[in-house]
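This briefing sets out computed features of the structure shown below, grouped by topic for quick reference.

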Amino acid sequence: MKTELSPRAKVLVYGTMCVLLIPFVFPTWWMVTSSFKPVSDIFAFPPQLIPRSFDFTTYGQVFTLQPFAKQYWNSAYIAAVVTAGTMGISSMAGYAFARIRFPFANAIFMVVLLGLLIPSEVTIVPLFQLFLKLGMVNTHWPLILVPIFGAPSVFATFVMRQFFISLPVELEEAARVDGLSRFKIFTRIALPLARPALASVAIFTFLHSWNLYLEPIVFLSSADKFTLPQALTQFTDAYGGPMWNIQLAAATLTALPVLIVFIIAQKHFVEGLAHTGLKG
Amino acid sequence: MAEVTLTNTRKAYGNVNVIHGVDLDIEDGQFVVLVGPSGCGKSTLLRMVAGLETITGGEISIGGKVVNNLDPKDRDIAMVFQNYALYPHMTVATNMGFSLEHRGGSKSEIAERVHWAAGILGLTPLLDRYPRQLSGGQRQRVAMGRAIVRSPQVFLFDEPLSNLDAKLRVVMRGEIKALHEKLKTTMIYVTHDQIEAMTMADKIVVLNGGRIEQAGTPLELYDRPANQFVAGFIGSPAMNFIPGKIRAEGLVTSDVVIPLPRSAQEHVGQDVVLGVRPEHLVAEESGIATLVTLVEPMGHETQISMMLGQTLIHGLFRERLPLRPGSIFHVRLTTDKLHIFSAADGHRLM
Ligand SMILES: Nc1ncnc2c1ncn2[C@@H]1O[C@H](COP(=O)(O)OP(=O)(O)OP(=O)(O)O)[C@@H](O)[C@H]1O
Ligand SMILES: [Mg+2]
């Protein structure tokens, strides 16, 4: 439903929205512009909204001070693998919990949900011991396995289960009469219809992996294995002080793909987050 | 094509019995309508035949083969669901060909069958649409198309018309009937609408509380209902029931005496319920005086509600009667069209 606003009300509404935008837009603007400024201008007061001079060398330094391209690749492929794995596991597990009757299904689902209640700070130490025994410390395995079998996947399973429960049972019964096996029903009927839920799971999981911070700093120790959030902390001078402009250039590059995806898939993104019942 | 036999079929959910030993023989090519009030177990019974519900006890056979433990796909049946259950992500053609695809038909064979079915149902121009781009009646037709492409042994319908408006329902009723004439396949059709049952069925099965009350042709059920439940369920407006006691002079209620045929004398002294259909009331000066409460002219007929002593009854009259609420109206009950049921258990006495 669309209601026509009077010109006056329009001005008021758009004016208010512009004001409300400031706290969201300003940090991004500041990050991007400051990545071009000499360090001395970054903390100038009043803040310079438009840089007085542009220094593009910061972006070059990002790649010379750290193996940033390698780190970019690390983040990207880990997030992709985690997303694909989570989509696979959560859609199958969610379907099983929604549709297949097996003993103690509800009790088991409750136990699975408990995984959401335990913060990663609690499990990180035992996980470290575990991966140490497995010889996987300072590899990417923990960053892939922990989310696929941990809280993000549990959450995704919950989202998928809720979706499959809401799917009309008659569709699957019609498919049974049409001669499909349970697995075929899943792949040919349930899964194609679950696209909106799968999209939100994908977005959520990818972002979670892309932004992961605690796990990389615990499990990784060599710079060429680092992921982006962790790499950002590495742009420091000899005294450990941050090199602000270079760091902000790296931060801009880190945020870029998310921003681009967001702008392209804005509609899906908002719907997806609305679907998961999550706020951004 | 095949006959369907149910022998002492039972269904329980946990310890709640829903179907209590149903026996039913459906002949090859018959159009059987299961009818009954909401919750009587019509859908459950149909779904047991389909294989979508397990069978707690008894036996179901299709074409002479016991199917109790067969999957729906191995029973050679097709089902049309109440909400159609079309696959939303597939076109009409894909929807219709889907079952053949999974039974290993070749592409050209599938296309040929789909076009044959689409032709019968007038769906040819719609084959490339998606279900969301169709009207309710078109979706209904696609659901039937999906069922017939495969030429199964038995068609099962669960209230297929209940989501359509009244006019379309009449049209589709005719189409399904015509389809049956053409295909001559056994059909089992569930509805709670007794008009659908009367107009479509070769055989009606009236269910109540998980039991068969009566099975027979539409006119058998109409003319000789086996009990008061069937009498009240079949026919619209419904049959009138007047409780009383049989005496030598006729049926005696608390305030009127209604003449009965002579044969009623063998039940003299019994408490009974007299049943009379609205069209079997005749306006006649020498009849019993009633008090008119409502006059509903419908053009070709007039329905009149009136108090016969303490009982509200309805009559249908072809003539236009000059009556208004409050009038005194004399009616005669056509003696040879009366039904008499036992007051104790409702079974038919005569
Ligand atoms: N899964 C179930 N568990 C327990 N009871 C059930 C279940 N499914 C159906 N019932 C019960 O079985 C009885 C018959 O249900 P059914 O759906 O067959 O009725 P129906 O005759 O098709 O009614 P309607 O005309 O409303 O569709 C009902 O009393 C219902 O409550
Ligand atoms: Mg039903």
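How far apart do the end C-alpha atoms of residues 104-132 of chain A lie, and what share of the span is helix? They lie 34 Å apart, and the span is 79% helix and 0% strand. The model is predicted: local features need pLDDT of at least 70, side-chain atom pairs count only at pLDDT 80 or more, and totals for chains, interfaces and linings use all residues. Residues are numbered from 1 along each chain as its sequence is written, chains are lettered from A and ligands numbered from 1 in the order in which they are written, and side-chain values use heavy atoms, with hydrogens and water left out.

**Annotated regions**

- Helices (H or I, at least four residues) and strands (E, at least two) are DSSP runs, numbered from the N terminus.
- An unreviewed UniProt entry gives "domain: ABC transmembrane type-1" for residues 72-265 of chain A; UniProt positions are in the numbering used here, feature names are shortened, and annotations may be inferred rather than shown by experiment.
- Residues 72-265 of chain A are 74% helix and 0% strand, with 22 Å between the end C-alpha atoms.
- The "transmembrane region" annotation in UniProt (unreviewed entry) covers residues 12-32, 76-97, 104-132, 144-164, 185-207 and 244-265 of chain A.
- Among these spans, residues 76-97 of chain A are 100% helix and 0% strand, and their end C-alpha atoms are 31 Å apart.
- For chain B, UniProt lists "domain: ABC transporter" (unreviewed entry) at residues 4-234.
- That stretch of chain B, residues 4-234, is 36% helix and 26% strand, and its end C-alpha atoms are 24 Å apart.

**Helix packing in chain A**

- The axes of helix H10 (residues 182-193) and helix H11 (residues 195-210) of chain A come within 5 Å and cross at roughly 65°; axes are lines fitted to C-alpha atoms, for helices over the stretch in contact, and angles run from 0 to 180 degrees between N-to-C directions.
- H10(A) is therefore roughly perpendicular to H11(A), given that angles under 35 degrees count as roughly parallel, over 145 as roughly antiparallel, 65 to 115 as roughly perpendicular and the rest as oblique.
- A:Leu191, A:Pro192 and A:Leu193 of H10(A) are in contact (heavy atoms within 4.5 Å) with A:Arg195, A:Pro196 and A:Leu198 of H11(A).
- The contact of H10(A) with H11(A) has five nonpolar, no polar and one charged residues; Ala, Val, Leu, Ile, Met, Phe, Trp, Tyr, Cys and Pro count as nonpolar, Asp, Glu, Lys and Arg as charged, and the others, Gly among them, as polar.
- Helix H5 (residues 105-114) and helix H8 (residues 151-166) of chain A have axes that come within 9 Å and cross at roughly 140°, so H5(A) and H8(A) are oblique to each other.
- On the H5(A) side, A:Asn106, A:Phe109, A:Val112 and A:Leu113 meet A:Val154, A:Phe158 and A:Arg161 of H8(A); by class, this contact has five nonpolar, one polar and one charged residues.

**Interface and salt bridges**

- In chain B, 23 residues are in contact with 15 residues of chain A.
- The two chains bury about 1,700 Å² between them, 61% of it on carbon and sulfur atoms; buried area is the accessible area (1.4 Å probe) that two parts lose on being put together, summed over both.
- Two salt bridges (a side-chain nitrogen of Lys or Arg within 4 Å of a carboxyl oxygen of Asp or Glu) are counted between chain B and chain A.
- One salt bridge pairs B:Glu101 with A:Arg188, with the closest N and O atoms 3.2 Å apart.

**Backbone geometry**

- Most residues other than glycine have a negative phi, and most peptide bonds are trans.
- A:Phe104, in the loop between helix H4 (68-99) and H5 of chain A, has a positive phi near 60°.
- The peptide bond joining B:Ser236 and B:Pro237 is cis, with omega about -5°.
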